[in-house]
Amino acid sequence: MAQSIYVLNGPNLNLLGTREPETYGHATLQDVERLCRDRAKSLGLAVEFRQSNHEGELIDWIHEAGAKQTAGILINPGGLTHTSISIRDAIAAVKVPVVEVHISNIFARESFRHVSHVAPVAKASLCGFGIEGYALAIDGLAAMIGARRKD
């Protein structure tokens, strides 16, 4: 059975493709999911792909990933990156490697976006590569857990 990773997406990411395309591009969340599944499959990994506009649901999924001892978590917390101590604490509480990813370069945007509460407890952070950042983050997570490309 393939190792499993969780790909968690926070608030407003369900609007990808229509929300601020000058910042986030025209790809939809379904495009992101397809990209993640394809990249993970090439590495022999299974994906649990989820999105929620609710902080508590994201926290529950982080706890679930920890309880299931999943191989890792890739998370785009959206705007909660900059505000949620609770998501930060949930990540710190689980013994699962976490990679933070953002479609836009949060450091080239408004100053309030320059602070990530997730970064200090994540194994790595990636931003500014568009949706391709998800694939890069999966590659990085796979390297951390020792997964090998199946090409």
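With which residue does E33 form a salt bridge? The partner is R37, and the closest N and O atoms of the pair are 2.9 Å apart. A salt bridge here is a side-chain nitrogen of Lys or Arg within 4 Å of a carboxyl oxygen of Asp or Glu.

The model is predicted, so local features need pLDDT of at least 70 and side-chain atom pairs count only at pLDDT 80 or more, while totals for chains, interfaces and linings use all residues. Residues are numbered from 1 along each chain as its sequence is written, and side-chain values use heavy atoms, with hydrogens and water left out.

Helices (H or I, at least four residues) are DSSP runs, numbered from the N terminus. E33 has 24% relative accessibility and counts as partly exposed; R37, with a relative accessible area of 35%, is also partly exposed. Partly exposed is the range between buried, under 20% relative accessible area, and exposed, over 50% (1.4 Å probe, protein chains only).

Helix 2 spans residues 29-42 and also holds R34 and D31, three residues apart and separated by about one helical turn. These two form a salt bridge in which the closest N and O atoms are 3.0 Å apart. R34 is partly exposed at 47%, and D31 is partly exposed at 25%.

Side chains of opposite charge can pair when their charged atoms come close. By the rule above, the count comes to eight salt bridges. One of them joins D89 and R88, at 3.2 Å from N to O. D89 is partly exposed, with a relative accessible area of 40%, and R88 is partly exposed at 28%. Salt bridges that share partners also join E48, R50, E64 and K68 into one network.

The next topic is the open space. The largest pocket has a volume of about 170 Å³. Of the 15 residues that line this pocket, R19, Y24, G78, G79 and R113 are the closest to its centre. A pocket is an open set of points on a 1 Å grid over the protein atoms alone, where a 1.4 Å probe fits, with protein on both sides within 12 Å along at least five of seven lines; lining residues have an atom within 4 Å of a point. The volume is the space filled by probe spheres set on the points. The lining divides into five nonpolar, seven polar and three charged residues. In this division Asp, Glu, Lys and Arg count as charged, Ala, Val, Leu, Ile, Met, Phe, Trp, Tyr, Cys and Pro as nonpolar, and the others, Gly among them, as polar.

Technical notes
Helices (H or I, at least four residues) and strands (E, at least two) are DSSP runs, numbered from the N terminus.
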